Amino acid sequence: MGGDSNTAARWLFISAVAWLGAAVTVALLLAVKFVFPEFLSGSAPLQFGRLRPVHITLAAFGWLSMVQVGMAYYTVPRLARVELHSQRLAKLSVLLWNLFLILAAITLLAGMTQGREYAELVYPLDVLFLALLALVAYNLLRTVLVRKEEKLYVTLWYFLAALVWMPVVYFVGNVMWTPKGALYGVNDAIVNWFYGHNILGLWFTPLGVGAAYYLLPKLVQKPLYSHRLSLLGFWTLGLFYPWVGTHHLIFGPVPVWAQSVAIIASVAMVLPVLAVTVNFWKTIEGRWHLLAGAQERLSAGDSVALKFLVLGGVWYLLTCLQGPFQALRQVQPYVHFTNWVVAHAHLALLGAFSFWGFACIYYALPRLTGAEVSPRPAKAHFYLLTIGLSGFIASLTVAGLIQGSSWQAGVPFVDVVASLRPYLAVRLVSAVMMVASVYIFIYAVFSSLRGVRR
Amino acid sequence: MRALTIAAGVAALVGVALLVTVFLPMGDSSLYEPSPELKPLNELQERGRQIYIREGCWYCHTQQVRNLSMDVQYYGRVSEPGEYAYLSPVLLGTERTGPDLARVGGVYSDDWHLAHFINPRYTVPRSIMPSFSYLSQEELEALIAYVQSLGGAEAERRAEMQRRMKRAMLEAQRLGREEEMMQAMVPASYRSLENPLAGSAEAVLLGRKLFAENCSGCHGSGGGGDGPAAAYLAPKPANFTSAEFMSTASDGRLYYSILRGVPGTAMHPFGAKLTEREVWSLIAYLRTLEE
């Protein structure tokens, strides 16, 4: 495949990397504010409540969605053995996407928000996002429909499903039949959490798992352990995941039956997770030497891609086992509303899916551009991020348990706030490491690209 | 064809889930039945709510008292669906970096909120809440009106009582009859209490620490009634360095004021936040401040 037919994927990967830089920079400011609340205080756009949605929007709809769709632009034509339906439409989608993110950041900093978590953006931006999503979905679906390869590899199943699910989830979740973008009363929260959880379950998960299923056999040079098992995981994901949203409202002012349904579905999520996990580790079996030492068999990019992929698999298992556990009524009072959940969310989005995203870039970008990944910054990125993330998860998990048990014991609220300071300080140090690792990553990517142009 | 079948299959799966988990509750009209305590927001309060949304207060504060004893002990009665009937977006929240606000209306006086929004560390020295000093006077007023409305009719009654007491306090101050009024507010059973920890060096040390952590923003780090919050408060915080004040205020009266607060002023009750021993330690410390 010539260079031209890869342009959109390349643009998306590069955009994703740049937006990641912005997202983590904002994250660092937020982490500082938890320890030093007077830091950058007194400025409206830099106030915590304005910056927080910027961090999340850029990380979720910038970096993560872009790298995953970039991977879809990369893999779908290869798995279908045809050219992407329209490279021009794909390039248009990338341009619109970057425009969308710029406008999203500006409006959020200006305080324009619909007041719903993950669904903050004002109506015109929702419409813009849905339009570019439709563009992406149309292009990829058309490509799959005219494929020359008879077999539909499981990656395509997952991508297909994500492209069907996300427009529905986004439309309903953002209550797009009214420009106000919200319902009245507690149903607003129910819809909000149907949406909030399903951008994870029906967008990041299928795109991420699909990408992992593509990369794993390539990197360990061995076919997938079981196609049938992967399809079991696929259908159980579709069966259970869309039901779990209301587990964010347990003990809250919503019908108890709705909470129970969500809890049962959350526990059932163990099934698809196990299917993915068994498949994942069985495929790696016998190839561990590729991770340690015998790297001469893999290029520098592939070698670090494999590291990210495998460790991402560990984070994936951890976060997916936390999910059903947290949803239990016995556990909820100790973890809900606390920093435990912040750790959990980062384990999923930064641990599992972003690690797989880094694997995608280290694997695909050299193949798209002919760039060589230089091993030293790539390894520094991997190890520094891993240490930082571990510290981050550990400190916030402990902080969350302290909050939950102190509240249970009736400790005055402000005393609990004050007792978290050491843990929030460890989180800050961890955040500095993670942000530094991302800057190294950006340096690695852009310096390798500069090498190509020369 | 195969691809289209898969697409249809997954669409059906999400459709069924949507139907049951989202559209079924939407059709349940009992979830929209306004509860009798729910009061529609007036124009100023609604404006305050928009500022609450704009500034992202809801990322740090929930507005739902869950059906759990731990929530009830901090925040009061369990929240019911009917209390949210008029609200869109609903702002239930997901994180308690700060306390739940569902029933915070009238718990504090208006001027407490003003000083707190200008800089939360003025009233709560260990707070990590952001400062909202960049809001205009008019925006702050709206935000306070909104926060004071949280908790429905009950909250509005509390907030109204705070305002009435404030007017009475200021009027008494103007007439030079504040002392009389304060004395009358302290029940006889408290008036004669004596500090069991009086003179204990250990108590003074503990009191000094607690004072810095809880009281210094209003009463000043030296207890002179001149903390950074004082500029925003009326009536002003008590001056513990004043011999005149300290000689008229008995231990029992100080104890009662700290425990129950002084309604209508920024001096809010510390009864739920400090133990009996801690309050007496604070009083032992206050007694060392007189100049």
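**Exercise 1. Work out which pattern chain B follows along its sequence, and how many helices and strands there are.**

Solution. Read along the sequence, chain B runs α-α-α-α-α-α-α-α-α-α-α-α-α-α. Keep in mind that this is a predicted model. Now tally up: chain B has 14 helices and zero strands.

**Exercise 2. Decide what the overall dimensions of chain B say next to a compact globule of 291 residues.**

Solution. Next, look at the principal axes, along which the C-alpha trace of chain B spans about 90 × 40 × 40 Å.

**Exercise 3. Describe the burial, contacts, surface and charges of chain B.**

Solution. First, burial: 54% of the 291 residues of chain B count as buried. Then take the contacts in chain B between residues at least 6 apart in sequence; 67% of them join residues at least 24 apart.

**Exercise 4. Explain why helix 14 of chain B can be called largely enclosed, and find what covers it.**

Solution. Helix 14 spans residues 276-286 of chain B. Eight of its eleven residues are buried, so the helix is largely enclosed by the rest of the structure. Those buried residues are V279(B), W280(B), S281(B), L282(B), I283(B), A284(B), Y285(B) and L286(B). Their cover includes helix 10 (201-214), helix 12 (243-248) and helix 13 (251-260) of chain B.

**Exercise 5. Classify S395(A) as buried or exposed, then list what its side chain reaches and which residues it touches.**

Solution. Locate S395(A) first: it sits in helix 13 (residues 375-409) of chain A. Its relative accessibility is 5%, and buried means under 20%, so S395(A) counts as buried. The side chain of S395(A) reaches the backbone oxygen of F392(A) at 3.1 Å. Leaving out residues up to four places away in sequence, S395(A) touches Y423(A), V426(A) and R427(A).

**Exercise 6. Do the accessibility check for A168(B), and find how far it is from M181(B).**

Solution. A168(B) lies in helix 7 (residues 152-174) of chain B. Its relative accessible area is 31%, which falls between the 20% and 50% cut-offs, so A168(B) is partly exposed. As for M181(B), A168(B) is 13 residues away from it in sequence and 9.2 Å away in space, C-alpha to C-alpha.

Conventions. Residues numbered from 1 in each chain as written. Chains lettered and ligands numbered in written order. Predicted model: local features only at pLDDT ≥ 70, side-chain atom pairs only at ≥ 80, totals over all residues. Heavy atoms only, no water. Helix = DSSP H or I, 4+ residues; strand = E, 2+ residues; numbered from the N terminus. Rg over C-alpha atoms; globule rule 2.2 N^0.38 Å. Buried < 20%, exposed > 50% of the residue type's maximum accessible area, 1.4 Å probe, protein only. Contact = heavy atoms within 4.5 Å. Areas by Shrake-Rupley, 256 points an atom, 1.4 Å probe, with all protein chains shown as cover. Lys, Arg positive; Asp, Glu negative; His and termini not counted. Charge placed at Lys NZ, Arg CZ, Asp CG, Glu CD. Polar contact = N/O pair within 3.5 Å; in protein donor to acceptor, adjacent residues only side chain to side chain.
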